[in-house]
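Please look over the sequence and the structure below.

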Amino acid sequence: MNLTTLVFWIIQISIHAVRVFSKTKAPDVSALNVMFSSLNSPSQLSGWGSSGGDPCGDSWEGIQCSGSSVTEISLSDFGLSGSMGYQLSNLATVTYFDLSKNNLNGDIPYQLPPNAVHIDLSGNSFTGSVPYSISQMADLEFLNLGHNKLSNQLSDMFGKLSKLKRMDLSYNSISGNLPQSFKKLSSLTVLHIQDNKFSGSINVLADLPLDDLNVANNKFTGWIPESLEDIDNLETVGNSWSSGPAPPPPPGTISPKGKNSKKDESRGKSSVISGLVIAGIAMGVLAIIAIVIGFMSRRHKSFTPSHFLDEDTSQHRSFTPLTSQELPKGNLYNNNNANNNTNNDRKSFNSDASVDIKGLSVVRPPPAPSDPVQSFSDNQFASRLNSRRSTSFRAISYSLLDLQTATSNFAPARLLGEGTIGRVYKAKYGDGKVLAVKKIDSSVFQGRRTEEFGEVVGIISKLHHTNITEVVGFCSEQGHHLLVYEYFMNGSLHEFLHMSDDFSKPLTWNTRVRIALGTARALEYLHEVCSPSIIHMNIKSSNILLDAELNPRLSDYGLATFYKHRSQNPGGGYDAPECLKGSTYSMKSDIYSLGVVMLELLTGRMPYDSGKAKVEQCLVRWATPQLHDIDALDKMVDPALRGLYPPKSVSRFADIIALCVQSEPEFRPPMSEVVQALVTLVQRSSMNMRDDLGNSRRMDDYDY
């Protein structure tokens, strides 16, 4: 070997060693690689590349690091175009993120660096909404999205941003009222929202510590709060303010203080005396209320609902499941849809169910001690969900003989499906009522306390949501344990996607998105509304039933305690990587499984198909590398759609899937963000959520 060859190999080995021992953490490198490609591989970013590299070790343009972690991305005024990519959530250590004054366009990614303190995306051409993921950035102090083309309304997303000091949303086309969570911005000193289309009042800003406020050139009405009038830098022109003096505050309230301390002082001692009088009256009223509450609590102290909306996490956010109606273009959580009517299937068992019709002021007394399942008063539950639902269903006890008769002694002809822990049968009654009965395998209860089944029933019978299959009854006799559910004649999503014949009409694209969003809403309810949270552990298309209007109904929830003792995971392609390695199943594992279901909706393929070529057998492994390749994505879409789908909607749907099926659970978004992303997709696509029902097949209700 001559000297030249030796030097060549030494250099190659050195380069390889540098790459192997890269200084930068792999998630950061991956995110910057994707960003570089999404920015159209700009030559002005020296050192950057679309694969591999060492941003910290090689000093990439605009990148600052601490140790092996990227902490700052400063690319202001670089003439960049394109978008920022879909892996910004990987940048967990980035605190300073500035891509202002460029030519970036499209939607702002709904996931930004999660621990950012400073975000500046101003002076670009971004469209769409302010990303909802900002709601989780508890350390954020500076946010500038001004001088873009943002539109739609602001979601109520500011409740956790108590450290935010400066926010600029100016020169966009954002509309609607200022969200009530603005009241939580306790550190906000600078707010610029001029030259938008905001409407309503600005009273929500009254108690903030602002010293620089610009609300000019909007559509605000009402009066400027007195507490804001002394702000040093205040711009309010170009609105429709009311003339004349502002109406007095409601009786018993104290005028806002804040920056009007000089005015308060000038009012003199009379205001102090008035305040003392009011305080005295208030104390007297509170004393009377305390006596009444004490008396009432002694009468009803045995009643304590165990599942409710956690006020600390809800921040008074109304929670609205998706129905087949068209999603409103404005408020993402519209209260008007929260009282969705139950479908006709529920009416079929009203004669057996124990139903209480009650007003909001009436509390139902607890059940008699002999009742095997404590009933659940949903007064608090319903009001906290902003629902006008007036009925509460109690899971009733069925006899084993009754269920044996209704299912023809669990005849094979009545079998609807077989799941992880048991089989489901169709139960038919003489009056036409039809139910679904889940017969849990006796092996599941080996070594268990006999009370466990009752505890599970007690929990799941209290859950009510438009997108879940509600439990209406149970049976526990002679070693048999059965759950009785609503029955849906359209069967499961699995049947629609994978068992249709040539004469069946496929699910349209709009229906598929609606099914994804409804299922996500159901999981959001279980994860983030129920207290304590409920992890499903068995999300799959065969557990997503479809009602008469093809709205999804998630089943098998609340049974995780039975899955924990299974010999292996049942997912068949749905289980997250951490579950296959024996790690603890978490809410993020549910999110992965939902991502697989959405892949099924996108491609029409099963999660695992041994009949395909080896590289295509695992759906996630085959599809994930292609989700951001437009040409490949077009070829992945379910052929049953026959090309009848909007490409942009498909691309955005694929972006959401990519976030859900990430291999590392910490990088998957929480369920509320998945819902928000799907809601945004629907709004961007101007989908009518009802117009496609006739184009999708419905299964016949065969008599067995």
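The report covers a sheet, a helix, nonpolar cores, aromatic pairs, charges over rings and cysteines.

## Model

This is a predicted model. Residues are counted from 1 along the chain as its sequence is written.

## An open sheet

Six strands make up an open sheet with mixed pairing. Their order is β19-β23-β24-β22-β21-β20. The edges belong to β19 (396–397) and β20 (415–418). Each has a single partner strand, so one side of each lacks a neighbour in the sheet.

Inside the sheet, β21 (residues 422–428) runs antiparallel to β22 (residues 434–440). Seven bridges join these two strands.

## A helix with buried residues

Helix α9 spans residues 451–460. Its buried residues are Glu452, Phe453, Val456, Val457, Gly458 and Ile460. Which elements cover them? The cover includes strands β22, β23 (471–477) and β24 (480–486), along with α12 (560–563).

In soluble globular proteins, nonpolar side chains tend to be buried together. The largest nonpolar core here holds 85 residues. Leu602 and Phe653 touch the most other members. Helix α11 supplies the largest share of this core, eleven residues.

Leucine 602 has contacts beyond its sequence neighbours, leaving aside residues up to four places away. Among them are Trp509, Leu627, Leu633, Met636 and Val637. Asp638, Val650, Phe653 and Ile657 are also touched by leucine 602. A second, separate core has 60 residues, including Leu80, Leu121, Phe220 and Leu228.

## Aromatic pairs

A pair of aromatic rings is described by the distance of the centres and the angle of the planes. The whole structure contains seven aromatic pairs. One of them joins phenylalanine 158 and phenylalanine 182. Their ring centres are 4.8 Å apart and their planes meet at 85°, so the pair is edge-to-face. Phenylalanine 158 sits in the loop between β8 (142–144) and β9 (166–168). Phenylalanine 182 sits in the loop between β10 (175–176) and β11 (190–192). The pair therefore ties together parts that are 24 residues apart in sequence. Phenylalanine 158 is buried, at 1% relative accessibility. Phenylalanine 182 is buried too, with a relative accessible area of 0%.

Tryptophan 509 and phenylalanine 653 form another edge-to-face pair. Here the centres are 5.2 Å apart, with 80° between the planes. Tryptophan 509 lies in helix α11 (residues 509–529) and phenylalanine 653 in helix α17 (residues 647–660), so this pair ties together parts 144 residues apart in sequence. Both tryptophan 509 and phenylalanine 653 are buried. Elsewhere, Phe36, Trp48 and Trp60 form one aromatic cluster.

## Charges over rings

Lysine 439 lies over the face of phenylalanine 410, at 5.5 Å from the ring centre. Arginine 605 lies over the face of tryptophan 622. Its distance from that ring centre is 3.7 Å.

## Cysteines

How many disulfides does the structure hold? There is one. Cysteine 56 is joined to cysteine 65, with S to S at 2.0 Å. The link is left-handed, with -85° about the S-S bond.

Cysteine 65 is partly exposed, at 29% relative accessible area. Cysteine 530 counts as buried at 4% relative accessibility. Cysteine 660 counts as buried at 0%.

Definitions and conventions:
This is a predicted model: local features need pLDDT of at least 70, side-chain atom pairs count only at pLDDT 80 or more; totals for chains, interfaces and linings use all residues. Side-chain values use heavy atoms; hydrogens and water are left out. Two strands pair if DSSP finds at least two bridges between them. Helices (H or I, at least four residues) and strands (E, at least two) are DSSP runs, numbered from the N terminus. Rings of Phe, Tyr and Trp (its six-membered ring) pair if their centres lie within 6.5 Å; planes under 30 degrees apart count as stacked, over 60 as edge-to-face and the rest as tilted. Buried means under 20% relative accessible area, exposed over 50%, partly exposed in between (1.4 Å probe, protein chains only). A charge sits over a ring if NZ of Lys or CZ of Arg is within 6 Å of the ring centre and within 35 degrees of the ring normal. A nonpolar core is a set of buried Ala, Val, Leu, Ile, Met, Phe, Trp, Tyr and Cys residues joined through side-chain atoms within 4.5 Å. Contact means heavy atoms within 4.5 Å. A disulfide is a pair of cysteine sulfur atoms within 2.5 Å.
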